[in-house]
Amino acid sequence: MFFRACAFLLLPLALHAAEVVDGWTVVTKSAELTTYSRTRKGSSLLEYKGVGVVDAETVVVKRVIDDTAEYPKFMPYVVETKTLSNDGTTRIGYQRLAPPLVGERDYTVRVKCESKPCPTGGTIYCNRWEAANDLGPAERKGVTRVKITEGSWLLE
């Protein structure tokens with residue numbers, strides 16, 4: 001199974017790597033994972049993606065990604081999650097993070113979940129998310145509200 005995760009992180013860094021693939025510059029490469037970056041359109045910040053192989057069926061990985069209630073147990077810095085609604089194709093969820101140095105952050109996201117048959121067998125899954133803070137809890141004192149967050153997981 002091929003697993004592609006495109007979790008976008010925006011940072012103000014300069015590009016130094018030479019290998020470019022479809023507009024993405026290779027940042028690191030190992031047997032397990034290749035990370036890429038590119039300048040975000042309309043910004044001086046970079047966005048990142050990672051592509052790697054996971055020795056599991058796509059449906060198993062999809063279940064882990066969708067089980068947001070368990071994120072505090074295995075996702076770095078996630079300390080709170082709440083599913084606010086889920087109609088099977090769109091999920092609204094709240095997350096609060098406690099990364100070191102910068103203080104707590106929180107956001108609400110709308111996650112659109114799609115699936116389609118893979119031509120070689122199995123199923124392709126894609127979860128795309130974007131900020132939806134208007135659908136979540138009010139801002140908390142002492143917690144920085146993340147206004148822009150977007151990205152996707154693609155499992156093939």
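Which residue's side chain does a polar contact of 3.1 Å join to the side chain of Arg40? The residue is Glu47, and the paragraphs below lead up to its surroundings.

This is a predicted model, in which local features need pLDDT of at least 70 and side-chain atom pairs count only at pLDDT 80 or more, while totals for chains, interfaces and linings use all residues. Residues are numbered from 1 along each chain as its sequence is written, and side-chain values use heavy atoms, with hydrogens and water left out.

The pLDDT is the predictor's confidence in each residue, from 0 to 100. Its mean over the protein chain is 89, and 88% of the residues reach 70 or more. Over residues 1-17, however, pLDDT stays under 50. Where pLDDT is low, the predicted coordinates should not be read in detail.

The protein chain has two helices and eleven strands. Both kinds of element are DSSP runs numbered from the N terminus: helices are H or I with at least four residues, and strands are E with at least two. Read from the N terminus, the order is β-β-β-β-β-α-α-β-β-β-β-β-β.

Several strands pair, meaning that DSSP finds at least two bridges between them. Strand E2 (residues 20-21) runs antiparallel to strand E3 (residues 24-29), with two bridges, and Val21 stands opposite Trp24 in E3. Two residues lie between the strands of this hairpin, where Asp22 has a positive phi near 50 degrees. E3 is also joined to strand E4 (residues 33-39), again antiparallel, by four bridges. Thr25 has Ser37 in E4 as its bridge partner, and the hairpin of E3 and E4 has three residues between the strands.

Further along, strand E6 (residues 78-86) and strand E7 (residues 90-97) pair in the antiparallel sense over seven bridges. Val78 stands opposite Leu97 in E7. Three residues separate the two strands of this hairpin, and Gly88 in the turn has a positive phi of about 100 degrees.

Of the 156 residues in the protein chain, 35% are buried. Buried means under 20% relative accessible area, exposed means over 50%, and partly exposed is in between (1.4 Å probe, protein chains only). Glu47, in strand E5 (residues 46-53), counts as buried because its relative accessible area is 5%.

Key. Contact = heavy atoms within 4.5 Å. Polar contact = N/O pair within 3.5 Å; in protein donor to acceptor, adjacent residues only side chain to side chain.
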